[in-house]
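Colleague: Could you walk me through how to read the backbone, the domains and the chain contact here?

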Amino acid sequence: MTPAVKSSAAVQQSDVVLRYLRPHKKFPNLWCPGCGNGIVMSSLVRAIDKLGLAKDNVVLVSGIGCSSRMPVYLDFQALHTTHGRALAFATGVKFARPDLKVVVITGDGDCLSIGGNHLIHACRRNIDITTILINNYIYGMTGGQISPTTPSGSVSTTTPYGNMEKQFEACELAKGAGATFIARTTVYHTSQMDRMITEAIQHRGFSFVEVLSNCHTYYGRLNRLGQATALLRMFQEKAARGKAKSIIDEESKDMIVTGVLHRDDEKTELCDEYQKLLDSLSKGKA
Amino acid sequence: MPQADRQLMMGNTACMHGAIYAGVRFYAGYPITPSTEVAEGCARELPRIGGRFIQMEDEIASIGAVIGASVAGLKAMTATSGPGYSLMIENIGYAYMIEAPCVIVNVQRGGPSTGLPTKVSQADTMQARWGPHGDYTAIAVAPSSVAEAFTETVRAVNLSERFRTPVTILLDEVIGHMQEMVSLPEAGEYPVVDRAKPTCDPADYAPYGPTENCVNPMPAYGEGYRWYATGLTHDPRGFPTERPDEIVATLERLRHKIEDHRPEIDKVRADRMEDAEIALVSYGSVSRTALQAMMLARGAGLRVGCVQLQTVWPFPLEPLRTLLQNTRKVIVAELNMGQIVEQVERIVPDGGRVHSLLRYDGELITPHQLIDKINEVST
């Protein structure tokens, strides 16, 4: 009995995803077998489905990289932009049309390296955009170069003798810059990911979800960490579930702190503030 | 323009009013001399009419936000100068590729690099044509007065909407900052063009399909057409492709949608060209000098005429060929080391007929410099 129940639940889940795939886009996708990007894509779909958002009101914006290819597969408005600039384009979409739900899909190189300036300013503005950072610790699309999140000592094709640089803590960066909803999860923790993305989309303000993901093709292979399942197991083992006391817990350096890391529901949102200005000016006219 | 309600206005301010007249309701920008008055005007005026203004963190973000607003459904504009225009280039290329209508004002100053922030130049003329990498056809206009800063901005917005393409307005520091008496036109006096919207079943919508005039209708977000835009070379549906036939179709459509409609885009102003033996070809602030020089030369009995390029790109080949065919000498005057003069040489068969007067010291060409040049070539 148990396996049958499980499989019908799995069918239901994939049915949800199928309802949101683009009718014209030919599969298979371009991600490597076992890539975490597909897991995040399913989670995003389940979150949007659960929230009952109309497809016409959702805009996916992405930059360049493996994860940024996601919008091509999903049946929403989609803007696949230039490297690092997704948040700049998304700011234009949202500020022009506050009625739309804007979700940015980005990777660690796209968001934190070339796009770092746009990230901190989107956080600072507290504009109502949900950013999902899929952090796989490496540049995948260009073939395995270090990113701002590649751990020190790691081997990549541009650090053949080991990475001597320090890493960005993406969530702490977002917090320091003023984001008002920050969560971290991993591709192993799909139920938690569903909840985090759902809450992030519901949050009125700039929401930031870091999803730790596996690039076994480059990061895993170059550092002899094994295949996708080995990396998923690593996420499982390192993740400390539940609400964290702080974003980086000194005692949990070898652990991954997951859950909602920061939330501020008091700070005003940019489009709301601008609407107040528009209202007051039109009243002044009347 | 009617003579009533005349007011003293700066070129950059007239540009801002022209944009609003043409329906621009979104502005994103970053401060840079000598363009900042366009942003300041938009910050003040746009919220009064329900429009939106945002100062972005840099010029890359500014043009990104403008393109985002455009695909979301608003007419959108930004203004900058050389260094900012250079930063925008990659995303302008993206706008060519996804065919997002938008307007970029470049109030030119001296370069390269930081150059001469408060001094006039026309050295970004070629950049407006060939800035982004790759093949595409660009549209750029160049006003030569405060009144034209208004009317040419209206035309630039219209062209961007009509052809689903970025359009550059090549202002220069002199036109941007000079003040002249103008009166703003009433609504309806100049045509305002809105992008065509699709009416087909969303399932059949192909944002980059082969259409008769090469320009596809473009929905706003939320209207039921959940299309996909990418800077990758794409097929008619917008999905990435590496098929040679689809690559060629996309690139050729980008070219043909402009090239096949040149009569709608070409615009030159001719003064006293009917009997002219010597033609002064110029654009932007230099066209003012040229008019003055022409009047002085005519006073001295020389048959001099003026051609002002209001459309700089695509280079108005046919109108210029016709105007210049009976001239003995052509003098191209511009504030750079020779950019448009090479285009003129391209269309005037006898290369020896074409001369240039170039200035790149941050100052305007004076009428007497042009008179000296006229004397030099006519002897």
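This is a predicted model: local features need pLDDT of at least 70, side-chain atom pairs count only at pLDDT 80 or more; totals for chains, interfaces and linings use all residues.

Colleague: Where is the place of Asn126(A) in chain A?

Modeller: Look in the loop between α5 and β4 (129-135) of chain A. Helices here are DSSP runs of H or I with at least four residues, strands are E runs of at least two, and both are numbered from the N terminus. Residues are numbered from 1 along each chain as its sequence is written, chains are lettered from A and ligands numbered from 1 in the order in which they are written, and side-chain values use heavy atoms, with hydrogens and water left out.

Colleague: What is the phi of Asn126(A)?

Modeller: General idea: most residues other than glycine have a negative phi. For Asn126(A), phi is near 50°, a positive value in a residue other than glycine.

Colleague: And peptide bonds? Which residue does a cis bond join to Pro112(B)?

Modeller: As a rule, most peptide bonds are trans. Gly111(B) and Pro112(B), though, are joined by a cis bond with omega about 0°. You'll find Pro112(B) in the loop between β5 (102-110) and β6 of chain B. There is also a cis bond joining Trp313(B) to Pro314(B), with omega about -10°. Pro314(B) sits in the loop between β14 (311-313) and α11 (317-324) of chain B.

Colleague: Next, salt bridges. How many does the rule find over all chains?

Modeller: The rule wants a side-chain nitrogen of Lys or Arg within 4 Å of a carboxyl oxygen of Asp or Glu. Over all chains that comes to 37. Take Glu273(A) and Lys276(A), whose side chains meet in one at 2.8 Å, N to O. Both residues lie in helix α10 of chain A, three residues apart, or about one turn of the helix.

Colleague: Let's do the domains. Which ones does the assignment give for chain B?

Modeller: Bounds come from an automatic or database domain assignment, and for chain B the result is domain 1 (3-182) and domain 2 (269-378). Their C-alpha centres lie 26 Å apart. Contact means heavy atoms within 4.5 Å, and on that basis 27 residues of domain 1 of chain B touch 22 residues of domain 2 of chain B.

Colleague: How much area do those two domains of chain B bury between them?

Modeller: Buried area is the accessible area (1.4 Å probe) that two parts lose on being put together, summed over both. Domain 1 and domain 2 of chain B bury about 2,000 Å² between them, 52% of it on carbon and sulfur atoms. Gln122(B), Thr125(B) and Met126(B) supply 29% of the area that domain 1 of chain B buries against domain 2 of chain B, more than any other three residues.

Colleague: How many salt bridges are counted between those two domains of chain B?

Modeller: Two. Arg288(B) forms a salt bridge with Glu180(B), the closest N and O atoms being 2.6 Å apart.

Colleague: Last stop, the chain contact. How many residues does it take from chain A and from chain B?

Modeller: Chain A gives 40 residues and chain B gives 44 residues. The two chains bury about 3,500 Å² between them, with 59% of it on carbon and sulfur atoms. His24(A), His80(A) and Phe89(A) supply 15% of the area that chain A buries against chain B, more than any other three residues.

Colleague: Which strand of chain B does β2(A) pair with?

Modeller: Two strands pair if DSSP finds at least two bridges between them. β2(A) and strand β10 (residues 228-230) of chain B pair in the parallel sense over three bridges. Ala78(A) stands opposite Tyr228(B) in β10(B).

Colleague: How many salt bridges cross from chain A to chain B?

Modeller: Three. In one, the side chains of Arg226(B) and Asp56(A) meet at 2.8 Å, N to O. On the chain A side, β2 (77-80), α3 (86-96), α5 (116-125) and α10 (270-285) each supply at least two residues that touch chain B.
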